[in-house]
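Please look over the sequence and the model shown here.

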Amino acid sequence: MPRRTVAKLATVSAVITASVLAVAPSAHADLVTHCIGTGGAVTVPNDLYVPAGESCALTGTTITGNVTVAAGGNLVVIGGTVSGEVRVAADGYLDATDTTIAGQVVLAAGGYGAFLRDAQTGNVTVRPKGAATIDSFLFVEQSTIVGTVNAGAGEVRLDRGTQVERNLSTTGTYYTDVHDSFVDGTLSVLNSATGSVVCGSAVRGLATFAGNLGAVQLGPNGTLDSCASGGYWGRDVSVTNTTGGVTVDDNIIDGRLTLTSNNPVAQVADNNRIRGGVTGDQAAAGTSRMARAAVADREDAGEQRAEARRASATQEAVAAGAARL
């Protein structure tokens with residue numbers, strides 16, 4: 001089946017080799033630690049600032065304040081702790097692995113992207129693109145969002161046991177995909193350019209898919225991405241005004257499935273269990289057990305995409321310093 005494509009390639013490169021943690025006063029006379037290069041298992045007793053166009057790589061670092069990544073800056077954190085929030089400016093990049101961020105993560109309009117793996121954060125926000133030329137990305141793996149995810153641009157993918165403790169809401173993204181993850185609140189995907197895939201996941205609250213220009217694939221055997229299983233939906237699911245096709249396969253819906261104004265009409269396989277029945281137009285798709293078994297033999301294109309994007313961005317975030325030395 002066709003695979004999800006990458007909207008753009010990573011452009012950051014290099015290896016951060018110099019280690020410079022400079023301290024400079026802020027406008028409020030409080031101390032702010034400027035990071036250019038690398039830092040280790042130390043405690044930063046104030047806010048951290050990555051200057052515009054610079055790169056900072058931290059391992060085992062504790063930051064007691066807030067973090068700001070200026071325009072075009074890159075921050076890679078492994079095994080770190082941030083007591084405050086993280087704000088990333090236009091063309092900025094955040095890579096947080098095995099890291100706890102107590103506050104929110106905010107990617108500004110035109111922010112390059114954010115990758116979270118084995119991380120815990122507060123609310124995560126991706127601002128709408130606006131007039132910016134960069135289309136952001138948010139890739140989250142094996143992480144816990146203690147709050148909401150709200151994205152207004154770019155590529156959004158939650159994967160590998162990620163948990164969102166409140167709502168997941170996107171409007172105007174390039175795509176919004178949820179694989180092997182759990183959303184404890186509502187799920188809303190509106191006006192996505194290439195649609196949405198939800199596979200092997202559970203959503204406790206209401207789920208709404210509306211105005212998506214690409215397809216909506218709930219479960220395996222759709223047109224967008226490879227996956228092996230459907231999902232669980234704790235409340236009603238609504239898919240409306242969708243172009244590109246709608247497929248609903250191998251799902252348990254503990255509510256009603258509403259399908260209206262989709263072109264072409266939605267295909268609902270007979271292996272779904274829908275407690276509240278189906279309202280609206282649908283075309284029976286039947287079960288595809290053999291096709292689903294074949295999917296298990298394919299490599300997960302989405303996971304490869306996320307890993308390649310993250311690895312390329314991190315390498316870039318790491319190399320800009322070599323050119324400066």
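What follows describes the cysteine bonds, then the ring pairs.

This is a predicted model, in which local features need pLDDT of at least 70, side-chain atom pairs count only at pLDDT 80 or more, and totals for chains, interfaces and linings use all residues. Residues are numbered from 1 along each chain as its sequence is written, and side-chain values use heavy atoms, with hydrogens and water left out.

**Disulfides**

A disulfide is a pair of cysteine sulfur atoms within 2.5 Å. By this rule the count comes to two disulfides. With the bonded cysteines of the chain numbered in sequence order, the pairing is 1-2, 3-4.

| Disulfide | S to S distance |
|---|---|
| Cysteine 35 and cysteine 56 | 2.0 Å |
| Cysteine 199 and cysteine 227 | 2.0 Å |

Strands, and helices likewise, are DSSP runs numbered from the N terminus (helices H or I, at least four residues; strands E, at least two). Cysteine 35 and cysteine 56 form a disulfide. Cysteine 35 belongs to strand S2 (residues 31–39) and cysteine 56 to strand S5 (residues 55–59), so this pair ties together parts that are 21 residues apart in sequence. The torsion about their S-S bond is about 80°, so the disulfide of cysteine 35 and cysteine 56 is right-handed. Buried means under 20% relative accessible area, exposed over 50%, and partly exposed in between (1.4 Å probe, protein chains only). Cysteine 35 and cysteine 56 are both buried.

A disulfide also joins cysteine 199 to cysteine 227. Cysteine 199 lies in strand S26 (residues 196–199), while cysteine 227 lies in the loop between strand S29 (216–218) and strand S30 (232–233), so the pair ties together parts that are 28 residues apart in sequence. Cysteine 199 is buried, at a relative accessible area of 2%, and cysteine 227 counts as buried at 8%.

**Aromatic pairs**

Rings of Phe, Tyr and Trp (its six-membered ring) pair if their centres lie within 6.5 Å; planes under 30 degrees apart count as stacked, over 60 as edge-to-face and the rest as tilted. The count by this rule comes to six aromatic pairs. In one of them, the ring centres of tyrosine 93 and tyrosine 112 are 5.9 Å apart with the planes at 80°, so the pair is edge-to-face. Tyrosine 93 is buried, with a relative accessible area of 0%, and tyrosine 112 is buried with 4%. Tyrosine 93 also forms a tilted pair with phenylalanine 137, 6.1 Å centre to centre and 45° between the planes. Tyr93, Tyr112, Phe137 and Phe139 form one aromatic cluster.
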